[in-house]
Amino acid sequence: MRVTQGTFSFLPDLTDKQIEAQIKYMVSNHWAVSIEYTDNPHPRNAYWELWGLPIFDTKVEDSENVMREVRAAREAFPEHYIKLIAYDPTRGRQTTALAIFVNRPSVEKPFRLERIQGPGRTHSFHFVQDGASA
C-alpha cells in the first residue's frame with residue numbers, strides 16, 4: 001500500500017531531476033522550504049521531525065543547497081518518509097503551498113480504516129497499522 005499525502009503522491013516517485021525542478025519552482029515563488037521526516041506517516045501524525053531549520057530567501061541559482069539537504073536527510077534516514085514542504089507567506093501566515101515526498105521506506109506498512117462507535121460519537125474512525133491501534 002502506498003501512502004498518498006501531498007502533491008504528486010498518487011504518481012510514481014519523482015526523480016532527483018524532477019525534485020530539483022520543484023525546488024526551483026518553490027524558491028522562484030519566494031516560498032520558505034522545510035524538510036521533514038517520519039517513520040509514522042499516520043494521517044493524524046501532523047507533526048513530523050524537522051530536518052535542520054526551514055530555508056528562507058533562497059534564490060533559484062542557490063536551489064542546489066536545498067537538494068543537498070534532501071540528499072543528506074535521505075542518507076541519514078533511508079527508511080523514513082521524507083517530505084519537502086513549501087510555505088507561502090503572502091497572506092501573512094505560513095500556508096502550505098506544496099508538499100512532496102522525496103523519500104519513502106523500501107517497504108510501506110499498510111493502513112486500514114475501522115469504524116467504531118462510542119459515547120458521544122455516533123460515527124468515529126481510527127486507523128490501524130500492522131494490527132495495532134494508532
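Two strands count as paired if DSSP finds at least two bridges between them. Helices (H or I, at least four residues) and strands (E, at least two) are DSSP runs, numbered from the N terminus. The model here is predicted, so local features need pLDDT of at least 70 and side-chain atom pairs pLDDT 80 or more, while totals for chains, interfaces and linings use all residues. Residues are numbered from 1 along each chain as its sequence is written, and side-chain values use heavy atoms, with hydrogens and water left out.

**Exercise 1. Work out how β1 and β3 sit in the sheet.**

Step 1: Take β1 (residues 32-38) and β3 (residues 81-88); seven bridges join them, and they run antiparallel. For a handy landmark, find A32, whose bridge partner in β3 is Y87.

Step 2: The open sheet has four, in the order β2-β1-β3-β4, with antiparallel pairing.

Step 3: Look at the edges. β2 (49-55) and β4 (95-103) each have a single partner strand, so one side of each has no neighbour in the sheet. On average, neighbouring strands are turned by 20° against each other, direction ignored; angles run from 0 to 180 degrees between N-to-C directions, and axes are lines fitted to C-alpha atoms, for helices over the stretch in contact.

**Exercise 2. Describe how α1 meets α2.**

Step 1: Start with the geometry. The axes of α1 (residues 16-28) and α2 (residues 64-76) come within 9 Å and cross at roughly 130°.

Step 2: List who touches whom. α1 brings D16, I19, E20 and I23, and α2 brings E64, V66, M67, R71 and R74.

**Exercise 3. Find where F56 sits and what F56 touches.**

Step 1: Go to the loop between β2 and α2, the place of F56.

Step 2: Leaving out residues up to four places away in sequence, F56 touches A32 and Q94.

Step 3: Check V27 too: its C-alpha atom is 8.7 Å from that of F56, though the two are 29 residues apart along the chain.

**Exercise 4. Classify the ring pair of Y37 and W51.**

Step 1: Rings of Phe, Tyr and Trp (its six-membered ring) pair if their centres lie within 6.5 Å; planes under 30 degrees apart are stacked, over 60 edge-to-face and the rest tilted. The structure holds six aromatic pairs.

Step 2: For Y37 and W51 the centres are 6.4 Å apart and the planes at 75°, so this pair is edge-to-face.

Definitions and conventions
Contact means heavy atoms within 4.5 Å.
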